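Subject: Handover of a structure and findings

Dear colleague,

Please find the structure below, followed by an account of what was found in it.

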Amino acid sequence: VCAECVKTLLRLKNDSDVYLDISKNMLNWLVNRQNTDGSWNEVHVNYNKPSSLVTSIVGDAIIDGYVHFKNDELAESAKNAMNFVLTNEVDDGYFQKSTLYRADHLNVDATCGAFLSKYGLVFSDVSCSDAAQRVVRHIFDYQNKDGSFPYTVNDRGHYDKPLEVPCIHYQAVTIYFIIQILDSLNTDLQYYDELNQAISWLDGVLGKDGRFDWSKSGLMFSYYLSGAYAFTIPCFFMIKKRLIHI
């Protein structure tokens with residue numbers, strides 16, 4: 001939550017002393033809570049373990065902070081986070097979410113890839129850019145013919161069975177981070193058709209009144225999330241920017 005808030009503050013581009021001081025304090029708070037292995041923890045009720053997903057989300061904010069303030073401590077923090085995330089690539093483009101959640105969640109792969117692609121762009125790290133490219137190929141390899149993405153793929157991981165079902169919320173999340181990867185890699189035209197199909201599926205489950213038809217979503221624990229709408233809005237804007245028509 002702190003990482004998402006500080007990213008918002010930085011993207012407002014308000015250079016008043018109040019905004020800058022708050023942003024610096026939040027970034028320092030995050031750095032001081034980074035684990036020695038470069039990670040940050042995923043925290044739930046009765047669960048508090050290192051996570052490549054959470055590390056990617058926080059690491060993304062740290063990079064934004066470095067770009068804004070050019071602080072060497074932030075650069076070092078981002079580097080440590082990058083190394084942790086890379087060590088959690090189980091297979092090409094497949095990142096283990098955390099100690100407990102080991103299945104191949106495509107939205108997790110996309111989030112990790114977005115962080116690595118930004119790191120590769122900002123710090124000229126080819127290995128990170130290559131890893132992000134593997135993520136995009138991996139995700140689109142599992143895209144369904146109707147444009148949707150399954151929540152998890154293959155039979156590996158901690159679930160009894162793979163959750164190969166579409167999900168409105170995680171469709172939006174996955175598209176959101178794929179677009180960030182393609183922006184960093186400057187390869188969006190290479191995946192024009194796949195992106196068009198993905199966003200068209202999302203548009204197809206959205207009613208004229210702006211509400212999603214949740215019966216088309218296969219994960220009940222992510223029904224009715226306001227985050228699904230929040231992730232979808234920038235996806236539509238970003239897709240429109242690329243002249244992809246739905």
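I begin with Gln-180, which, leaving aside its neighbours within four places in sequence, is in contact with Asp-60, Ala-114 and Ser-117. Please note that this is a predicted model. Gln-180 belongs to helix α7, which covers residues 168-185. With a relative accessibility of 17%, Gln-180 counts as buried, because the term applies under 20%.

Once neighbours within four places in sequence are left aside, its contacts are Tyr-151, Tyr-170, Val-173 and Thr-174. The C-alpha atom of Asn-107 is separated by 9.0 Å from that of Ala-172, although the two residues are 65 apart along the chain.

Salt bridges

The model contains nine salt bridges. In one of them, Lys-7 pairs with Glu-4, and the closest N and O atoms are 3.3 Å apart. Both residues are in helix α1; because they are three residues apart, about one helical turn separates them. Lys-7 is buried, at 6% relative accessible area, whereas Glu-4 counts as partly exposed, at 39%. This pair is part of a network of salt bridges that links Glu-4, Lys-7, Arg-11, Asp-60, Asp-64 and Lys-118. Asp-60, a member of that network, is also among the contacts of Gln-180 described above.

Arg-134 and Glu-89 form another salt bridge, with 2.8 Å between the closest N and O atoms. Since Arg-134 lies in helix α6 and Glu-89 in strand β3 (residues 89-91), this pair ties together parts that are 45 residues apart in sequence. Arg-134 is partly exposed, with a relative accessible area of 22%, while Glu-89 counts as buried at 18% relative accessibility.

A further salt bridge joins Lys-216 to Asp-213, where the closest N and O atoms are 2.7 Å apart. Lys-216 counts as partly exposed, at 44% relative accessibility, and Asp-213 is likewise partly exposed, with a relative accessible area of 31%.

The largest pocket

The largest pocket holds about 1000 Å³ of space. Its lining comprises 36 residues, and those nearest its centre are Val-1, Glu-4, Leu-53, Val-54 and Ile-57. At least two lining residues come from each of α1 (2-11), α2 (17-32), β1 (40-44), α3, α5, α7 and α9 (226-241).

Surface and backbone

On the surface, Val-67, Leu-121 and Val-122 form a nonpolar patch, with about 230 Å² of accessible area together. Val-122 is located in helix α5, residues 106-123. Its relative accessible area is 31%, and Val-122 is therefore partly exposed.

Which residues other than glycine have a positive phi near 55°? Lys-70 is one of them, with phi near 55°. Lys-70 sits in the loop between α3 (52-69) and α4 (72-87) and is exposed, with a relative accessible area of 53%. Ser-124 also has a positive phi, near 55°. The loop between α5 and α6 (126-141) holds Ser-124, which is exposed at 61% relative accessible area.

Yours sincerely

Note on methods:
Residues are numbered from 1 along each chain as its sequence is written. This is a predicted model: local features need pLDDT of at least 70, side-chain atom pairs count only at pLDDT 80 or more; totals for chains, interfaces and linings use all residues. Side-chain values use heavy atoms; hydrogens and water are left out. Patches are made of residues with over 30% relative accessible area and no salt bridge: like charges are joined within 9 Å, nonpolar side chains (Val, Leu, Ile, Met, Phe, Trp, Tyr) within 5 Å. Accessible areas come from the Shrake-Rupley method with a 1.4 Å probe; for residues, only the protein chains shown count as cover. A salt bridge is a side-chain nitrogen of Lys or Arg within 4 Å of a carboxyl oxygen of Asp or Glu. Helices (H or I, at least four residues) and strands (E, at least two) are DSSP runs, numbered from the N terminus. Buried means under 20% relative accessible area, exposed over 50%, partly exposed in between (1.4 Å probe, protein chains only). Contact means heavy atoms within 4.5 Å. On a 1 Å grid over the protein atoms alone, a cavity is a set of points where a 1.4 Å probe fits but cannot get out, and a pocket is an open set with protein on both sides within 12 Å along at least five of seven lines; lining residues have an atom within 4 Å of a point. Grid points are joined across faces, edges and corners, and a volume is the space filled by probe spheres set on the points.
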